Amino acid sequence: MKSLLLPFLFLCFSVQLVFSQEKKIFNETSQQKSARLKWWTDARFGMFIHWGLYSLPARHEWVKNHERITNEQYQKYFDQFNPDEFDPKKWAKAAKAAGMKYAVLTSKHHEGFCLFDSKYTDYKATKTKAHRDLVKEFVEAFRAEGIHVGFYYSLLDWHHPDYTVDDAHPQRAAENLNEAEKEAYYSRINKGRDMAKYRQYMKNQVTELLTNYGKIDILWLDWTWDKGSKYGKHPQDWGAVDLIKLVRKLQPGIIVNNRLGLDQDGYSDGGDFVTPEQVKPAELIPFKGKYWETCQTFSGSWGYYRDENSWKNQHELLDLLVTSTANGGNLILNVGPTARGEFDYRATRALDSLGLWMHENNISIYHATYPPDIYNLPESMNERVTYNAQTKKLYIHLFNYPEDGQLILPNYQGKISYAQFLHDDSEIPFKVADNGKDLILTLPKTQPPYVVPVIELNTVNQ
Ligand code: GLC
């Protein structure tokens, strides 16, 4: 019996090895990857910019889809587009003041309109009253402020004649059709449309974007349907493997998001980071050791939406930023400039409020991540802890400022040597609690003038 057991175990182990072998496109070790992503994981905080013709209707960047608008009907926005206030230097200054270290601009969104001067289409900014390559100016302005630059590029295209109509297209099948009718509709409407030509168009445009504007730090490709979806598009539709190879060939250091959908085909390196979109802070967890960035809007839409009023307040925005850092992820916060090319007053107000906090507290965000387990605080305290592995300092973010000024850190005895507020380096005295295990910090009764004050702790391991 025993003599059979060993070969049997060996067989099981080999079978498991074969099945668990992940598919890879590139030859990069995890150390090499972490070095490539280092500036980005250190940065933690970026700006997303959704800008396109949809800023004119000013009722969501999906307006063409939502209202089933045809190319002909949508043309009026192209004709009208005239961003006379566009000055990306102002955008870059606002991003920098808010503490954002990188920015990603929609070079083309789903509507198909290109902000850049592409050779492969006339549906672009240079052919509008803008007469300018808006992407070029964006890149120059942000780089001049020391901000890393990235492009969002939509895989979907609701304007291109060869892009087949799918269930997210403005001309999608009516909801009330049955399966057979839907199939008939899609095969009829897609006659003559040729995705091979569209794939070539994408390759050409991605090549332009990654060769004509110098070093590009991030590419944000958007998006791919779930695996089972019948009338959606999948990695093969984009020629995804070829596309990602092209991207990395043209810009070896670039960081690419995961929305080509290559993980569906079993590839572990078809994208560098996962992209939890518009999730609540409670859902921001360490994502099984993957690199991640949550993308969030200030309000409910990415493109400028004049009448949308659900704007997040400073507390909510800081919750997203701090909770992301405290779980080892990034936050990219979106601004949707107006059709004239400006950040509207609500976006400006929100950015200013973040700048105010970041100016004094950014040390708890940049280069920071989740702390080693021994420093975890009980969830019931509802404070977030970040940690700088280099300086070995801890940062406690006080989302609930203790009314009596007494902050108890359970099981912290022997772990820290000094405590102070981060915003002004003022000492916070502490003593050991009667149980001999906890530390009691004495804070001022009046909360310092920050929505979320931060305590900096020197650990004894420093
Ligand atoms: C979604 C939307 C899109 C937005 C993006 C940002 O995929 O389709 O409008 O640009 O999310 O994450």
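A salt bridge here is a side-chain nitrogen of Lys or Arg within 4 Å of a carboxyl oxygen of Asp or Glu. With that rule, the count comes to 23 salt bridges. Bear in mind as you look around that this is a predicted model.

Let's start with Glu-145. Its side chain meets that of Lys-93 in a salt bridge, 3.1 Å from N to O. Glu-145 lies in the loop between helix 7 (134-144) and strand 3 (148-154), while Lys-93 is part of helix 6 (residues 88-97), so this pair ties together parts that are 52 residues apart in sequence. Is Glu-145 buried or exposed? Its relative accessible area is 18%, and because buried means under 20%, Glu-145 counts as buried.

Lys-96 also reaches Glu-145: their side chains meet in a salt bridge at 3.6 Å, N to O. Again the pair links distant parts of the chain, with Lys-96 in helix 6 and Glu-145 in the loop between helix 7 and strand 3, 49 residues apart. How accessible is Lys-96? At 45% relative accessibility, Lys-96 is partly exposed, because that class takes in what falls between the 20% limit for buried and the 50% limit for exposed.

Now move along to Arg-384. This residue forms a salt bridge with Asp-319, and the closest N and O atoms are 2.6 Å apart. Arg-384 sits in strand 8 (residues 384-388) and Asp-319 in helix 12 (residues 314-326), so here the bridge ties together parts that lie 65 residues apart in sequence. Both Arg-384 and Asp-319 are buried.

Leaving the charged side chains, let's turn to a sheet. Three strands form an open sheet in the order 10-13-12, and their pairing is antiparallel. Which strands stand at the edges? They are strand 10 (406-409) and strand 12 (430-432); each has a single partner strand, so one side of each is left without a neighbour in the sheet. On average, neighbouring strands of this sheet are turned by 25° against each other, direction ignored.

Zoom in on strand 10 and strand 13 (residues 439-442), and you'll find them running antiparallel, joined by 4 bridges.

Definitions and conventions: Residues are numbered from 1 along each chain as its sequence is written. This is a predicted model: local features need pLDDT of at least 70, side-chain atom pairs count only at pLDDT 80 or more; totals for chains, interfaces and linings use all residues. Side-chain values use heavy atoms; hydrogens and water are left out. Helices (H or I, at least four residues) and strands (E, at least two) are DSSP runs, numbered from the N terminus. Buried means under 20% relative accessible area, exposed over 50%, partly exposed in between (1.4 Å probe, protein chains only). Two strands pair if DSSP finds at least two bridges between them. Axes are lines fitted to C-alpha atoms, for helices over the stretch in contact, and angles run from 0 to 180 degrees between N-to-C directions.
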